[in-house]
Amino acid sequence: MSYVDGFLLAVPKGKIEAYKEMARTGSEVWKDHGAIAYVECLADDVPYGEVTSFPRAVQATDDEIVVFSWIVYRSREERDEIMKKVMADPRLQGDPASWPFDGKRMIYGGFKPFIES
């Protein structure tokens with residue numbers, strides 16, 4: 001079975017185009033190093049919940065859009081090897097302070113699928 005890295009973050013509306021450019025580069029880098037899928041999604045129907053929700057999870061403000069992303073690999077082992085290459089890739093080097101979003105509010109993690117159809 002495959003392995004998936006998932007990401008959830010909030011991007012200021014005025015920085016969406018900068019984020020899209022960053023994501024395009026990320027897609028190229030991950031795919032060049034072996035990821036089998038790379039998906040970036042802008043929130044379209046994600047209401048602010050009373051207890052929990054996507055916007056609450058990343059403390060999104062009214063001037064931010066939630067982004068939900070995932071990367072698919074053939075296995076956890078392959079993901080670990082790909083991640084080493086990705087983190088060393090010069091196309092992704094830079095100061096996190098220059099990112100078009102607040103990395104401190106990004107949620108991410110690795111997941112083992114139990115259904116794939």
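The model is predicted: local features need pLDDT of at least 70 and side-chain atom pairs count only at pLDDT 80 or more, while totals for chains, interfaces and linings use all residues. Residues are numbered from 1 along each chain as its sequence is written, and side-chain values use heavy atoms, with hydrogens and water left out.

## Two helices

Let's start with the helices. Helices (H or I, at least four residues) and strands (E, at least two) are DSSP runs, numbered from the N terminus. The expected span of a helix is 1.5 Å times one less than its number of residues.

| Helix | Residues in helix | Span between end C-alpha atoms | Expected span |
|---|---|---|---|
| Helix 3 | 13 residues | 19 Å | 18 Å |

Buried means under 20% relative accessible area, exposed over 50%, and partly exposed in between (1.4 Å probe, protein chains only). In helix 1, the buried residues are Ile 16, Tyr 19, Ala 23, Gly 26, Val 29 and Trp 30. Seen down the axis of helix 1, these buried residues fall within an arc of 135°, so they line one face of the helix; the arc is that of the directions from the helix axis to the C-beta atoms. The face turned away from the buried side of helix 1 carries the exposed residues Glu 17 and Asp 32. Among the elements covering the buried residues of helix 1 are strand 1, strand 2 (37-42), strand 3 and helix 3. After helix 1 comes Gly 34, with a positive phi near 120°.

Helix 3 (residues 76-88) has Arg 79, Ile 82 and Val 86 as its buried residues. Down the axis of helix 3, they fall within an arc of 70°, so they line one face of the helix. An α-helix has 3.6 residues a turn, so residues three or four places apart point the same way. The buried residues of helix 3 pack against strand 1 (3-12), helix 1 (16-32), strand 3 and strand 4 (107-111). On the face turned away from this buried side are the exposed residues Glu 77, Lys 84, Met 87 and Ala 88.

## The largest pocket

Which residues lie nearest the centre of the largest pocket? They are Met 22, Trp 30, Met 87, Leu 92 and Trp 99, out of 32 lining residues. A pocket is an open set of points on a 1 Å grid over the protein atoms alone where a 1.4 Å probe fits, with protein on both sides within 12 Å along at least five of seven lines; lining residues have an atom within 4 Å of a point. About 780 Å³ of space lies in the largest pocket, the volume being the space filled by probe spheres set on the grid points, which are joined across faces, edges and corners. Helix 1 gives the most to the lining, with seven residues.

Glu 64 is in strand 3 (residues 64-73) and is buried, with a relative accessible area of 12%. Its side chain makes a polar contact with the side chain of Arg 105 (2.6 Å). A polar contact is a pair of N or O atoms within 3.5 Å; within protein, one must be able to donate a hydrogen and the other to accept it, and residues adjacent in sequence count only if both atoms are side-chain atoms.

Ser 69 is found in strand 3 too, and counts as buried at 3% relative accessibility. The side chain of Ser 69 makes a polar contact with the side chain of Glu 40 (2.5 Å).

Glu 21 is found in helix 1 and is partly exposed, at 46% relative accessible area. The C-alpha atoms of Glu 21 and Pro 100 are separated by 10.0 Å, although the two are 79 residues apart along the chain.

Definitions and conventions:
Contact means heavy atoms within 4.5 Å.
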